[in-house]
Amino acid sequence: MNGPASGIALLGDLGSYRFRYPVMAAGIGAAALFLAGAVSIPFFFESPSIWYKFGLTKVLLRSGKILGLAAAGLLFSQLLLAGRLKVLDRLFSLPRLVRIHRLNATVILLPALLHPILILASEKKFIFPLEIRYWPEWVGVGLLALIVIQFVLSRWRVALRLTFHRWLSWHRCSGAFVLALVVLHLLFVSETFSEEGIPRSAAMVTMVLLAVAWLWIRSGWLRARKLPLAVTRVAPAGRDSTCIELSPMTERRFHYLPGQFVFVSFHSNHISREPHPFTLSSSPTRSQCLQVTVRAGGDWTAHIGRIAEGERAYLQGPFGRFSHMLTDPDREIVLIAGGIGITPMLSMLRCMADRHDQRAVTLVWSNRTREDMVYPDEFDGLAAQLTGLRLVLNFTRKPANGFAAGRIDAEKLKGMLAKCSRRAAVFVCGPDRMMQQVESDLKRIGFSSRLIFTETFGF
């Protein structure tokens, strides 16, 4: 890797993170207003079908319309939540947006199912008649079936033995089809939207904006081609782990914060071009070289070592808010890593060493065995450069002399972090179960939940 850069570009990137909370509040408020406006339409713009309903039948019909519009509004938001939009990542972080996307899918399912049930109940019907004039309603039936299929395949993908890349291709195609069917159903099922007026105009504007957003999202990899990178080094980084170094092929530099991740697509003759998310284990202070460190853990990553030097790669990102650069510059830091979860911490430590950041840092790193550690020799050098660094190693399967053994629990954490301030910023990255347990244990021993940050890949 080349020598450290001045870091001016790195710090310049922090400007996009200012005023995060006011902008976040404004975004959430705008989304809430949009949803509130949608569900209020059956009250302020009644369709003729409501005019001649009274009592319970009117309540059922109006409730059915409200639930249908609520489901449509939430479906529209799904595109933005899963679209890898940098502006939303800056505010919420992409992993959190993906978790909201999954939760939203569950929330959508209930009003989507109740919508036709209440509509049919208000008409005292069991099913829509098989007549051509009811085609918008049957479009809605097909839409509902597709939503249910999407939910089932997403929720139980592993149990159904669907590979991730096949499921993702289906999910994206069917997602676009779902949005198209929502538009078709909405514009023709009710006079409220089929005739000129505020509801139809608002719906058309929303659809144009969604179309623009979809085109922008789907063209992301075309924009990524403006910064091609060459694979300059492929080497083992520990047992079952591979280090891949990339260098920009143009004068443009890829700016990121230590700890952030990217989606990488390798254009190789030895592995598919399917993009995968990886943390950049390199430091942004060394802009001539980007590095990802990958542990073989699946069908695709098992072949990562086949990538050859000279082949091309493209990046989409950076993403995430998992970085010490987004905390107070003098705040003490605690890093807790499980296995290959060390990569964002390594990026942070390399950056701190290059910037001569001597604040107090405690790194707790748990591996199955000593052989599973990546870059084991580098940490001695980092400890020499960072006078505030304290390294605590833990091994779960094959204990090494002088180091902690067994899984990390609350008692063990309490001892490991006894000298750490409870106001320290804590970063946790590793297997999902480990992170959940460690986060719970940290709160139990007195660390502030507001200052505990986790990084979860669930794409």
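Aromatic pairs and a helix crossing

Nine aromatic pairs are counted when rings of Phe, Tyr and Trp (its six-membered ring) are taken to pair if their centres lie within 6.5 Å, with planes under 30 degrees apart called stacked, over 60 edge-to-face and the rest tilted. The model is a predicted one, in which local features need pLDDT of at least 70 and side-chain atom pairs count only at pLDDT 80 or more, while totals for chains, interfaces and linings use all residues. Residues are numbered from 1 along each chain as its sequence is written, and side-chain values use heavy atoms, with hydrogens and water left out.

One of these pairs is formed by phenylalanine 261 and phenylalanine 319, whose ring centres are 5.9 Å apart and whose planes stand at 40 degrees, so the pair is tilted. It links distant parts of the chain, since phenylalanine 261 belongs to strand S3 (residues 261–267) and phenylalanine 319 to strand S6 (residues 312–319), 58 residues apart; helices (H or I, at least four residues) and strands (E, at least two) are DSSP runs, numbered from the N terminus. Phenylalanine 261 is buried, with a relative accessible area of 0%, and phenylalanine 319 is buried as well, at 1%, where buried means under 20% relative accessible area, exposed over 50% and partly exposed in between (1.4 Å probe, protein chains only). Together with Phe263, Phe261 and Phe319 form one aromatic cluster.

A further aromatic pair, between phenylalanine 322 and phenylalanine 427, is edge-to-face, with 5.3 Å from centre to centre and 90 degrees between the planes. Phenylalanine 322 lies in the loop between S6 and strand S7 (333–338), and phenylalanine 427 in strand S11 (residues 425–429), so the pair ties together parts that are 105 residues apart in sequence. Both phenylalanine 322 and phenylalanine 427 are buried.

The axes of helix H12 (residues 342–354) and helix H13 (residues 378–385) come within 10 Å and cross at roughly 40 degrees, the axes being lines fitted to C-alpha atoms, for helices over the stretch in contact, and the angles running from 0 to 180 degrees between N-to-C directions. The contact, meaning heavy atoms within 4.5 Å, is made by Ile342, Leu346, Leu349, Arg350 and Ala353 of H12 and by Glu378, Phe379, Leu382 and Gln385 of H13.

Elsewhere, alanine 72 has its place in helix H4 (residues 55–81) and is buried, with a relative accessible area of 9%. The C-alpha atoms of alanine 72 and valine 158, which are 86 residues apart along the chain, are separated by 28 Å.
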